[in-house]
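The sequence and structure come first.

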Amino acid sequence: MSLDPVETNPNHYKVVFENDRVRVLEYTDHPGDRTTPHEHPDSVMHTLSSFRRRLHSGDAHRDVEMPTGLTGWLPAQRHAGENIGDTPTHVLFVELKDAVPSGQGVHLGPE
């Protein structure tokens with residue numbers, strides 16, 4: 001069974017960019033929405049809205065409140081979540097992949 005959030009919760013997660021080094025996911029939901037269990041590799045999270053969520057892992061849970069514009073490290077984890085606030089959630093996740101850097105050439109700007 002896949003625990004890829006794009007497969008387990010396609011109404012909330014979508015891939016907005018992917019290459020051999022990273023995958024960028026956009027997450028959106030509305031107050032009261034829930035996700036099913038899924039996994040994230042080590043990631044960087046950037047919040048595009050303020051929101052409140054309850055994260056569940058096994059018998060444990062944690063409530064988090066995030067302001068707009070927060071960028072932070074998200075260690076690899078498995079969880080489910082629910083929007084317990086009164087605002088929609090909008091987040092970008094930059095998931096890291098285990099990949100060897102490509103070539104030694106000089107690169108300027110985005111590819």
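## A buried charged pair

Arg23 and Glu95 are both buried. In this predicted model, the two side chains form a salt bridge whose closest N and O atoms are 2.8 Å apart. The bridge links distant parts of the chain, with Arg23 in strand β2 and Glu95 in strand β9, 72 residues apart. Arg23 has a relative accessible area of 11%, and the value for Glu95 is 4%. Each residue is classed as buried because its value is under 20%.

Apart from neighbours within four places in sequence, Glu95 is in contact with Pro5, Arg21, Val22, Arg23, Leu25, His40, Pro41, Asp42 and Ser43. One of these, Asp42, is 53 residues from Glu95 along the chain, and the C-alpha atoms of the two are separated by 6.1 Å.

## Salt bridges

How many salt bridges does a search of the whole structure find? The count is eight. One of them joins Asp4 to Arg23, with 3.0 Å between the closest N and O atoms. Asp4 belongs to the segment before α1 (5–8) and Arg23 to strand β2, so this bridge ties together parts that are 19 residues apart in sequence.

Another salt bridge is formed by the side chains of Arg54 and Asp63, at 2.6 Å from N to O. Arg54 is partly exposed, with a relative accessible area of 25%. Asp63 also counts as partly exposed, at 41% relative accessibility. Elsewhere, salt bridges that share partners join Asp4, Arg23 and Glu95 into one network.

## Aromatic pairs

A pair of aromatic rings is described by the distance of the centres and the angle of the planes. With ring centres required to lie within 6.5 Å, the count comes to two aromatic pairs. Tyr13 and Tyr27 form a tilted pair, 4.6 Å centre to centre with 55° between the planes. This pair links distant parts of the chain: Tyr13 is in strand β1 (residues 13–18) and Tyr27 in strand β2 (residues 22–29), 14 residues apart. Both Tyr13 and Tyr27 are buried.

Tyr13 also pairs with Phe93; the ring centres are 6.2 Å apart and the planes meet at 40°, so this pair is tilted. Tyr13 lies in strand β1 and Phe93 in strand β9 (residues 89–96), so the pair ties together parts that are 80 residues apart in sequence. The relative accessible area of Tyr13 is 5%, and Phe93 counts as buried at 7%. Tyr13, Tyr27 and Phe93 form one aromatic cluster.

## The largest nonpolar core

In soluble globular proteins, nonpolar side chains tend to be buried together. Which residues make up the largest nonpolar core? There are ten in all: Tyr13, Leu25, Tyr27, Met45, Phe51, Val64, Met66, Leu74, Val91 and Phe93. Strands β2, β6 (60–66) and β9 each supply at least two residues of this core.

The core includes the three aromatic residues of the cluster, Tyr13, Tyr27 and Phe93. Val64, another member of the core, touches Phe51, Arg52, Arg53 and Leu55, leaving out residues up to four places away in sequence.

## A nonpolar surface patch

Val44, Trp73 and Leu96 make a nonpolar surface patch of about 270 Å². Leu96 is in strand β9, the strand that also holds Glu95. Is Leu96 buried or partly exposed? Leu96 counts as partly exposed, at 38% relative accessibility, whereas Glu95 is buried.

Thr35 is found in the loop between β2 and β3 (38–40). At 8% relative accessibility, Thr35 counts as buried because the value is under 20%.

Which residues does Thr35 touch, not counting those up to four places away in sequence? The contacts are Asn9, His12, Tyr27, Arg53, Ala80 and Gly81. Gly81 is 46 residues from Thr35 in sequence, and the two are 5.3 Å apart in space, C-alpha to C-alpha. Tyr27 is a member of the aromatic cluster and of the largest nonpolar core. Arg53 is also touched by Val64.

Methods
Residues are numbered from 1 along each chain as its sequence is written. This is a predicted model: local features need pLDDT of at least 70, side-chain atom pairs count only at pLDDT 80 or more; totals for chains, interfaces and linings use all residues. Side-chain values use heavy atoms; hydrogens and water are left out. Rings of Phe, Tyr and Trp (its six-membered ring) pair if their centres lie within 6.5 Å; planes under 30 degrees apart count as stacked, over 60 as edge-to-face and the rest as tilted. Helices (H or I, at least four residues) and strands (E, at least two) are DSSP runs, numbered from the N terminus. Buried means under 20% relative accessible area, exposed over 50%, partly exposed in between (1.4 Å probe, protein chains only). Contact means heavy atoms within 4.5 Å. Patches are made of residues with over 30% relative accessible area and no salt bridge: like charges are joined within 9 Å, nonpolar side chains (Val, Leu, Ile, Met, Phe, Trp, Tyr) within 5 Å. Accessible areas come from the Shrake-Rupley method with a 1.4 Å probe; for residues, only the protein chains shown count as cover. A salt bridge is a side-chain nitrogen of Lys or Arg within 4 Å of a carboxyl oxygen of Asp or Glu. A nonpolar core is a set of buried Ala, Val, Leu, Ile, Met, Phe, Trp, Tyr and Cys residues joined through side-chain atoms within 4.5 Å.
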